[in-house]
Structures are given as C-alpha cells and as structure tokens.
Amino acid sequence: MEDTMRKYQPVTAVWEVTMGCNMNCTHCGSSCNKPYADELTTSEALSLIKEMAQLGVKWVTLSGGEPLTREDLPQLIKCLRENGLGANVITNGWLLAEKAHLLKEAGVCVVAISIDGTKEIHDTIRRQGSFERDMEGIRLLRQLGIEVGAITTITKKNLANLKELREKLIEAGVDSWQVQIGLPMGNLLKHKENVMTPEHVDEIIDFCYETALDGRIRMYPADCIGYYTVKEQEVKRRSYNAENVLWEGCNAGIRGFGVLQNGDVIGCTSVRDKEFIEGNIRERSLNDIWNDENAFRWRRELKKEMLSGECQKCIYGSKCLGGCANTRLTMEGSIYGENKYCSYNVYLKKKMEEIRRIKDVNHIQEKAQDALQHDEVQVVALLAKHGVALDKNNLELYKLKGYADFMCGNYADAEKSNSEALKLCGEDAYALKGLALSMYKQDKYPLEDVIRLMERANSLNGGTDNDILHDLNLLRQKSLVSR
Ligand SMILES: C[S@@+](CC[C@H](N)C(=O)[O-])C[C@H]1O[C@@H](n2cnc3c(N)ncnc32)[C@H](O)[C@@H]1O
Ligand code: SF4
Ligand code: SF4
C-alpha cells in the first residue's frame with residue numbers, strides 16, 4: 001500500500017454531486033433529469049470532504065447534473081475551503097442569479113459556465129432563455145469578484161459558431177475558455193450525426209491557437225484535444241504559463257479521480273460503466289479505495305502495446321497512452337481502441353494515404369531518406385513498410401524499417417525487420433546490431449545471445465564502428481552486473 005501511496009498522489013477530483021438537472025441538453029452525456037434516490041446526504045458529503053483532505057487532494061470540481069440544484073452546495077464549498085481545498089463549480093448557469101452570492105460567501109474559487117453557442121444555438125441545445133441568464137450570471141459573478149470560465153462542448157451544431165461566440169465571451173469578461181469534443185454518450189447518442197469527425201480536430205486546434213495568440217481570453221483545449229502538435233502546446237504554454245505542457249497520459253487514477261452522486265469512486269466521471277467503479281465511500285474509506293493495489297488497473301497498468309491501430313505503433317505511445325480514454329471508449333467502443341480524434345493520428349492517416357499511392361520503390365527510398373533527415377522516423381517506418389510490401393528483396397528498406405521501428409519503440413517489429421534483412425544478407429553488420437538491440441529491449445532473450453549477435457556485428461565490421469563497440473561494451477557491463 002505504501003508504494004501505491006508514493007507512486008500515485010491525487011491532486012484533483014471531479015465530484016458529480018447530483019444527477020438532478022433543470023435542463024435536458026441535446027448533447028448531455030449522462031441524460032440528466034431528476035436527482036437519483038441514492039444521492040449522498042449532506043453529512044455523507046461532508047465526511048467525504050474530510051477524507052479527500054486527508055488523502056491530500058488539492059482541488060475539487062463540483063459538477064453534476066446541475067450542482068446548483070443541490071441546496072447544500074454552498075455548505076459543501078465552505079467545508080472544502082475550511083479543509084484547505086480549492087473548490088470550483090461547473091454549472092449551466094440557470095440558477096446563478098439566485099445563488100451566485102451564496103457561492104461567493106462559501107468561498108468558491110472559479111465558476112465555469114457551460115455555453116455552447118451564441119443565443120440561438122445555445123438556447124436550442126440547452127434551454128430557451130438560458131443564454132441571457134448566463135450572460136447575467138457572468139455579470140453577477142464578475143461583480144462579486146469571482147473568476148469566471150466558460151466551457152463549450154463542440155458538435156457540428158456549433159463548430160462554425162465558435163468565432164462569434166468568442167467575441168461574446170470576451171465582451172462579457174470571461175477569463176478562460178475550455179473547449180471539448182462532444183462525445184457520443186447519453187442524449188448525443190440519439191443525434192450521432194452531430195458528432196464532429198476527426199478532421200475537425202485540427203480546425204479546433206487552429207482556432208485555439210489563433211485565439212491564444214490574440215491574447216484576449218485564456219484558451220484551454222480539454223484533455224480530449226491534442227496531442228503533440230506545436231500549436232496545441234503553444235496554446236497550453238500560454239494559458240498555463242508553464243514550459244512543460246507535454247501530454248503524459250490521462251490523470252484518471254494517477255493524479256485524479258471522480259466521485260459519482262452515490263459515492264462511487266471512479267478514475268474519470270466520463271468513463272463510468274460499472275466495471276470502472278473502484279469502490280463506494282459508503283463501504284470503504286476513500287484512502288483504501290485509492291491505495292488499493294488492484295484499483296484503477298485499466299489506467300495504472302495501461303501500456304502502449306495494449307492499444308489498437310496507430311496508437312499501438314505511435315512514437316509517442318508510451319507517454320501518451322492513446323490520449324483521452326473516454327474518446328477511445330465512446331468513439332471506438334473500447335478503452336483500448338485507437339484514438340482517431342488525435343491530431344497526430346490524423347496526420348499519420350493522411351501520410352499513409354499519400355504513401356499508399358506511391359508505386360515506385362526508388363521514390364519511396366528517396367522519400368524515406370528525406371523523412372529521416374527531418375527526424376520523422378514514424379513516417380520512415382510507414383514508407384519502408386510500404387516499400388518492402390512492393391519489393392520483398394530490398395535489403396536497404398528492411399534495414400531502414402528496422403531502424404525506424406526501433407526508434408518508435410516498436411521492438412518486436414524492429415526484430416522482425418532486421419531478421420528479414422538478415423535473410424537477404426546474413427553478413428550485414430547493421431542488421432545484426434539492430435536485431436541484437438531490438439531483442440535486448442524486449443527483455444525476453446538471454447543476454448548472452450544478444451551479446452553474441454553484437455560481437456558478430458563487431459567482427460564483421462572489423463571492430464571499426466564506434467556505435468557497435470559502445471553498445472557491445474554496455475551489454476558486457478550489463479552481463480557482469482546481472483551475474
Ligand atoms: C455534465 S455537465 C454538468 C454541469 C452542468 N450541468 C453543466 O452543464 O455545466 C459538465 C460538462 O459536461 C459537458 N457535457 C455534457 N455532455 C457531454 C458530452 N456528451 N460530451 C462532452 N461533454 C459533455 C457539458 O456541456 C458541461 O460543460
Ligand atoms: S449538460 Fe449539464 S445542464 Fe445539460 S442536461 Fe447535462 S447536466 Fe444538465
Ligand atoms: S496516435 Fe494515439 S498514442 Fe499517438 S499521439 Fe495520438 S493518441 Fe497518442
């Protein structure tokens with residue numbers, strides 16, 4: 001248990017305090033309506049806050065359902081603040097006119113209002129009259145000195161409305177703006193045709209970039225939008241005022257968790273099927289649930305190799321782990337699915353389309369060399385894969401593929417590519433070296449076998465290649481240590 005505690009420390013929690021709601025949005029992922037019979041009582045909710053504080057949680061976002069429909073919400077915020085935690089609220093804004101001052105008195109930190117378009121679009125998605133109420137709510141919150149955020153869930157219904165909405169939000173004085181993909185869950189499943197397609201992701205990233213450079217509102221592309229693009233990173237750098245903004249896998253069960261209305265603890269409130277519930281605070285302490293070595297295994301034990309499609313082969317895969325789990329789950333039906341809504345994935349798919357059209361192996365070789373010069377090793381791997389499919393006797397392309405597979409961290413593929421190269425020329429020192437290293441990285445071959453291959457590569461080269469000599473020395477040292 002101690003190890004788990006050291007390794008995983010929750011910082012944030014998202015708590016759906018009720019499933020009751022005074023709206024019925026066309027995209028609502030949890031089809032919220034009436035409160036559930038099993039919702040936590042005030043005293044249960046207050047003791048959960050104490051447990052969160054003991055566990056070291058720093059920030060709690062109160063969501064729902066509509067959190068402002070819970071009469072004791074100010075009491076929960078007050079208790080969070082008294083226990084040293086930050087308390088944010090996500091609201092549809094309908095009740096702000098009545099309740100904003102109660103949130104202020106309780107000590108709320110940031111209030112984020114969901115705004116899905118300018119008046120006509122927003123009211124159609126959410127509730128007639130709600131855009132004007134939201135604008136009034138923003139005015140009130142600002143008057144009270146509370147930081148105001150906006151959250152927009154993007155579907156085909158509002159994609160073209162973002163620019164106009166941006167001006168309205170800036171005019172209203174909103175400080176920060178999170179945009180996220182409307183994922184096909186709950187009510188949105190009834191209108192799947194409105195879900196945006198992967199090609200729209202770059203449009204959104206471009207929009208965020210342009211807005212961030214403009215500098216009038218802080219942009220936050222949500223965790224479902226990315227990954228590893230220059231523009232999205234620049235947006236995050238500016239908004240978080242931080243240098244290290246690289247995506248390193250989702251926070252579920254690593255640095256954060258969710259709590260459902262009945263006290264169920266879950267990695268992410270969006271990935272909420274029964275199988276992802278780790279326990280209930282009515283039955284076990286939050287500390288026990290978080291520190292259970294079998295908890296959050298779907299996330300804590302996730303490896304790139306378990307993912308599908310391009311995510312499984314991706315050069316960023318070991319860090320990224322397929323981006324947002326809920327995107328994979330809702331779009332592909334499995335948390336191990338491919339994330340086709342990733343900008344890098346979209347880029348790779350475009351490259352694959354281009355490559356598939358090339359029929360001349362020499363042209364492929366030229367393109368692969370060019371990609372190599374530009375450090376695009378994953379594109380090299382794609383080109384070489386296509387090349388060896390066209391010409392099964394091409395030693396250079398097998399070697400290139402072996403190198404690129406290795407650099408992408410796909411060691412089993414690298415082993416295979418180098419073995420194919422050696423079938424064509426058993427005396428090729430570089431293919432031997434590549435085979436040795438890819439076997440070593442897989443950690444399943446005896447070290448002596450790996451060293452023997454590397455020694456052969458070295459002698460074939462007459463002991464003149466410094467890289468091979470260096471690798472050989474390292475392997476020999478490893479062998480001495482493990483003896
Ligand atoms: C579930 S709501 C709860 C808080 C509050 N009722 C509200 O609407 O802001 C939290 C956020 O999730 C967003 N949301 C709802 N359904 C979604 C979906 N299918 N995909 C992505 N986000 C969704 C909402 O628009 C809102 O910004
Ligand atoms: S998105 Fe929020 S406001 Fe809309 S129905 Fe769902 S919980 Fe209610
Ligand atoms: S392709 Fe998959 S693993 Fe690679 S960056 Fe995109 S989401 Fe992450």
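Entry 1: Helices here are DSSP runs of H or I with at least four residues, strands are runs of E with at least two, and both are numbered from the N terminus. A residue counts as near a molecule if its C-beta atom, placed from the backbone, lies within 6 Å of it. Of the 14 residues around ligand 3, Cys311, Cys314, Cys320, Gly323 and Cys342 come nearest. Ala, Val, Leu, Ile, Met, Phe, Trp, Tyr, Cys and Pro count as nonpolar, Asp, Glu, Lys and Arg as charged, and the others, Gly among them, as polar.

**Entry 2: basis.** I note that this is a predicted model, in which local features need pLDDT of at least 70 and side-chain atom pairs pLDDT 80 or more, while totals for chains, interfaces and linings use all residues. Residues are numbered from 1 along each chain as its sequence is written, and chains are lettered from A and ligands numbered from 1 in the order in which they are written.

**Entry 3: surroundings of ligand 2.** I listed the residues surrounding ligand 2, among them Cys21, Cys25, Cys28, Cys32 and Glu66. The class count for this shell is 5 nonpolar, 4 polar and 1 charged.

**Entry 4: whole chain.** I counted 22 helices and 10 strands in the protein chain. Of its 483 residues, 46% are buried, meaning that 20 or more other C-beta atoms, placed from the backbone, lie within 10 Å of the residue's own.

**Entry 5: cores.** I traced the nonpolar cores, which are sets of buried Ala, Val, Leu, Ile, Met, Phe, Trp, Tyr and Cys residues joined through C-beta atoms within 7 Å. The largest has 125 residues, and Val60 and Leu76 are among those with the most contacts inside it. Leaving aside neighbours within four places in sequence, Leu76 is in contact (C-beta atoms, placed from the backbone, within 7 Å) with Val17, Ala45, Ile49 and Leu62. A second, separate core of 6 residues includes Met19, Cys21, Cys25 and Cys28.

**Entry 6: strand S2.** I found 4 of the 5 residues of strand S2 (residues 59-63) buried. Strand S1 (residues 12-16) runs parallel to S2, joined to it by 5 bridges. Ala13 stands opposite Val60 in S2.

**Entry 7: helix H19.** I checked the buried residues of H19, which include Ala414, Glu415 and Leu422. The buried residues of H19 pack against helix H18 (395-407) and helix H20 (429-442).

Notes
Buried ≥ 20, exposed ≤ 12 C-beta atoms within 10 Å, placed from the backbone. Contact = placed C-beta atoms within 7 Å. Pairing = 2+ DSSP bridges.
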